[in-house]
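User: Please take me through this model by question and answer. Keep it brisk.

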Amino acid sequence: MVKKICCFQWIIALGFLLLAAAVTSKNHGNQANDLVDIINKNRTAKKLPVLNNSPGLSCIALQYIKECRVNCSENNTVNCKPPENDFTEIFAPNCGVELPTFGTISGLIVGCQQKHLDPPEAFSRALIHSNKTLSIIHNKTHTEVGVGIVRAKSHKGPYLWCALFSSNGKNSSFVLEDLGKGIEQKEGCYSGSGVSCSSGGRNGNSVFVINRVWTLVFCFLVLGRTGFF
């Protein structure tokens, strides 16, 4: 009996370790931030200054690509151009950007793929799809960048990326209200935020649930093998 209790304690401890791993997989990080890092590394390789990762500009990038989510063709091109008024009348208010701080957008890149791409592939295949988009990234007048990622539908459909660039003073434009918190976004993700991706990345709540189920199954299997039941 004592042996079974000790074995049970070890199994419980193992179960908590597996559950912690499942939680870690849920908080897998923000791939929009990874893309900003890649953009900046590409710039510094050309001896260009690093761009500020602006959460306000990034959230607007997310709003923009959400507006274009049904416009990803089978050959992975995005044919979408929302009206300019949408930036100040829809996108910025949806993010909680203080309108007096809305600055000048100096560059825009959008891309999509029918399947999920990790940040390095997303950079080379979704964002850098021509010399024109590469020249946008290397523009010397840029001071800030923001990246938004979203999936066309919550559990299926293509993935879409948007990178916005600004030539305003760092930290003085696209300021989010409520001390930088802005308005919480229910889907997708944007750079400059510590919030992990939801439908903007391959790993999401579904993976978290699957990991929890496998954790429980593993524990029951081990308990059965040890003759605890």
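**Helices, salt bridges and a pocket**

Analyst: Helix H3 has 13 residues and reaches 18 Å from its first C-alpha to its last, close to the 18 Å expected at 1.5 Å a residue. The expected span is 1.5 Å times one less than the number of residues. Helices (H or I, at least four residues) and strands (E, at least two) are DSSP runs, numbered from the N terminus. This is a predicted model: local features need pLDDT of at least 70, side-chain atom pairs count only at pLDDT 80 or more, and totals for chains, interfaces and linings use all residues. Residues are numbered from 1 along each chain as its sequence is written, and side-chain values use heavy atoms, with hydrogens and water left out.

User: How many of the 13 residues of H3 are buried?

Analyst: Buried means under 20% relative accessible area, exposed over 50%, and partly exposed in between (1.4 Å probe, protein chains only). The buried residues include Gly56, Leu57, Tyr64 and Lys66. H3 is largely enclosed by the rest of the structure, because the buried count is eleven of 13.

User: Which elements do the buried residues of H3 pack against?

Analyst: Contact means heavy atoms within 4.5 Å. Ser58, Cys59 and Ile60 are among the buried residues of H3. The buried residues of this helix pack against E1, H4, E2, E3, E4 and E5.

User: What do the buried residues of H2 pack against?

Analyst: H2 covers residues 31–45, and its 15 residues reach 21 Å, close to the 21 Å expected. Its buried residues are Gln31, Ala32, Asn33, Leu35, Val36, Ile39, Asn40 and Arg43. They pack against strand E1 (52–53), H5, helix H6 (131–137), strand E3 (144–151), strand E4 (159–166) and E5.

User: How many salt bridges does the count come to?

Analyst: A salt bridge is a side-chain nitrogen of Lys or Arg within 4 Å of a carboxyl oxygen of Asp or Glu. Glu187 pairs with Lys66 at 4.0 Å. Glu187 also meets Arg69 at 3.0 Å, N to O. Glu121 pairs with Arg125 at 3.4 Å. The count comes to three.

User: Why does the salt bridge of Glu187 with Lys66 tie together parts of the chain, and how many residues apart are they?

Analyst: The closest N and O atoms of Glu187 and Lys66 are 4.0 Å apart. Glu187 lies in the loop between helix H7 (177–180) and strand E5 (189–190), and Lys66 in helix H3 (residues 55–67), so the pair ties together parts whose separation in sequence is 121 residues.

User: Which residues are linked in a network of salt bridges?

Analyst: Glu187 and Arg69 form a salt bridge at 3.0 Å. That pair links distant parts of the chain, with Arg69 in the loop between H3 and helix H4 (85–95), 118 residues from Glu187. Glu187 is partly exposed at 24% relative accessibility, whereas Arg69 is buried at 17%. The network links Lys66, Arg69 and Glu187.

User: What separates Glu121 and Arg125 in helix H5?

Analyst: Glu121 is partly exposed at 36% relative accessibility. Arg125 is partly exposed too, at 38%. Glu121 and Arg125 are four residues apart in helix H5 (residues 119–127), so their separation is about one helical turn.

User: Which strand gives the largest share of the lining of the second largest pocket?

Analyst: On a 1 Å grid over the protein atoms alone, a pocket is an open set of points where a 1.4 Å probe fits, with protein on both sides within 12 Å along at least five of seven lines; lining residues have an atom within 4 Å of a point. Tyr64, Phe87, Ile105, Gly107 and Leu108 are among those lining the second largest pocket. The largest share, three residues, comes from strand E2 (residues 105–113).

User: Is Phe174 buried or exposed?

Analyst: Phe174 lies in the loop between E4 and H7. Its phi is near 55°, a positive value in a residue other than glycine. At 2% relative accessibility, Phe174 counts as buried.
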